[in-house]
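Thanks for coming, everyone. Please have a look at the model first.

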Amino acid sequence: MLHPRDVLLGAQAATGFLPVCDHYCGVEARMRKSLALQAELAEEFGACVFDVTLDCEDGAPAGGEAEHAALVADLALGAAPAARVAARVHPVDHPAFASDVRTIVGRAGARLRHLMIPKVESVADVARAVAAVDAAGGQRLPLHGLIESPLAVRNAFEIAAHPRVQSLSFGLMDFVSAHGGAIPDSAMTVQGQFEHPLVLRAKLEIAAACHAHGKTPSHCVVTEFKDAAALQGAARRAARELGYTRMWSIHPDQVRPILLAFAPEQQDIERAAALIEAAEKAQWAPISHQGVLHDRASYRYYWQVLERAFRTGKALPASVQSHFIHHQPDPELI
């Protein structure tokens with residue numbers, strides 16, 4: 001029997017395989033605690049529900065970039081076999097970029113799920129990063145790009161089209177700062193970032209670019225990390241209004257609210273499972289379900305609801321559980 005992924009997912013629909021949360025940390029104690037938390041939640045939910053990205057750009061002390069890169073490589077190498085570990089290096093024009101890549105990818109590239117490249121301005125920056133990563137032995141390592149300026153937003157569709165780019169993230173604070181005071185600092189707040197037209201436009205452009213090329217759009221941070229309700233509200237808006245399927249966390253307390261906000265409701269999961277079960281019985285031909293016509297276009301949507309439910313650790317109806325127990329996506333996609 002054909003698996004739903006084989007029937008329904010084309011290039012533009014293969015964006016649901018990454019965990020919905022990407023957690024960033026750069027201080028050694030926090031990096032170790034984040035990896036421990038990842039293992040704890042994986043056991044609780046039955047799936048790895050967030051990535052841990054070890055940060056060199058903001059985590060490395062000035063003058064200590066080489067030592068910090070070596071620490072990141074050591075932590076990645078020492079992580080549990082099932083851990084989902086990534087790293088953020090310095091921008092391609094930073095003096096530490098080349099040594100970051102040589103150290104981290106050269107030593108621990110096989111353990112990394114992706115490499116985050118900050119301040120990507122153009123597809124030429126992606127090509128430069130690819131050349132460095134490949135030279136260090138990371139030919140199969142996916143790249144994530146951080147869009148942080150008006151020029152980068154302008155080039156987002158070309159950047160997303162690059163075959164090595166797996167995901168694009170929005171860098172809110174740098175984007176606001178790049179406007180020379182034309183955007184007020186209120187646009188960096190949990191509420192203001194959804195109200196200022198230039199910020200909102202940038203978010204929509206990045207999401208659209210990713211979906212156009214089958215890549216994962218990742219929403220920016222919420223710096224008010226002690227306000228769980230505000231964070232969850234922002235995450236829900238990112239997921240339900242702006243088309244984002246992933247979001248950054250910068251504090252361990254943000255992980256669970258992000259998972260909850262991006263997870264489908266149980267009633268939606270049950271409806272999706274019933275439709276997929278009926279579609280399989282019809283060998284994916286059009287059907288009438290509860291008085292509504294459905295075909296592969298709607299099947300694709302409901303299958304992606306189930307994918308997202310699995311990625312967020314939600315309980316799945318028995319009728320679809322076997323699709324996730326016995327058939328995992330290609331590791332290169334995730």
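Which residues in helix 13 meet helix 14? They are Trp303, Leu306, Glu307 and Phe310 in helix 13, and they meet Val320, His323 and Phe324 in helix 14. Contact here means heavy atoms within 4.5 Å. By class, that contact divides into 5 nonpolar, 1 polar and 1 charged. Ala, Val, Leu, Ile, Met, Phe, Trp, Tyr, Cys and Pro count as nonpolar, Asp, Glu, Lys and Arg as charged, and the others, Gly among them, as polar.

A word on the source. This is a predicted model, where local features need pLDDT of at least 70 and side-chain atom pairs count only at pLDDT 80 or more, while totals for chains, interfaces and linings use all residues. Residues are numbered from 1 along each chain as its sequence is written, and side-chain values use heavy atoms, with hydrogens and water left out.

Back to that pair. Helix 13 covers residues 296-311 and helix 14 covers residues 318-325. Helices are DSSP runs of H or I with at least four residues, strands are runs of E with at least two, and both are numbered from the N terminus. The two axes come within 11 Å and cross at roughly 70°. Axes are lines fitted to C-alpha atoms, for helices over the stretch in contact, and angles run from 0 to 180 degrees between N-to-C directions. Helix 13 and helix 14 are therefore roughly perpendicular. The cut-offs: under 35 degrees is roughly parallel, over 145 roughly antiparallel, 65 to 115 roughly perpendicular, and the rest oblique. This crossing is right-handed. That term applies if the near helix is turned clockwise from the far one by less than a right angle; anticlockwise is left-handed.

Helix 13 also packs on helix 12, residues 266-281. Their axes come within 9 Å and cross at roughly 130°. Helix 12 and helix 13 are therefore oblique to each other. The crossing is left-handed. On the helix 12 side, the contact includes Ile269, Leu275 and Ile276. On the helix 13 side, Tyr299, Tyr302 and Trp303 are among the partners. The classes are 12 nonpolar, no polar and 2 charged. Note that Trp303 is also in the contact with helix 14.

One more pair. Helix 2 (residues 28-45) and helix 11 (residues 255-262) have axes that come within 12 Å and cross at roughly 40°. That makes helix 2 oblique to helix 11. Leu41, Glu44 and Phe45 of helix 2 touch Val255, Arg256 and Leu259 of helix 11.

How big is the largest pocket? Its volume is about 620 Å³. On a 1 Å grid over the protein atoms alone, a pocket is an open set of points with protein on both sides within 12 Å along at least five of seven lines; a cavity is a set where a 1.4 Å probe fits but cannot get out; lining residues have an atom within 4 Å of a point. Points are joined across faces, edges and corners, and a volume is the space filled by probe spheres set on them.

The pocket has 28 lining residues, with Tyr24, Asp55, Asp58, Arg88 and Ile250 nearest its centre. Strand 1, helix 2 and helix 8 each give two or more residues. The lining divides into 13 nonpolar, 6 polar and 9 charged.

Last, the count is 1 cavity of 30 Å³ or more. The largest cavity has a volume of about 40 Å³. Strand 5 gives the largest share of its lining, 3 residues. The lining has 7 nonpolar, 2 polar and no charged residues.
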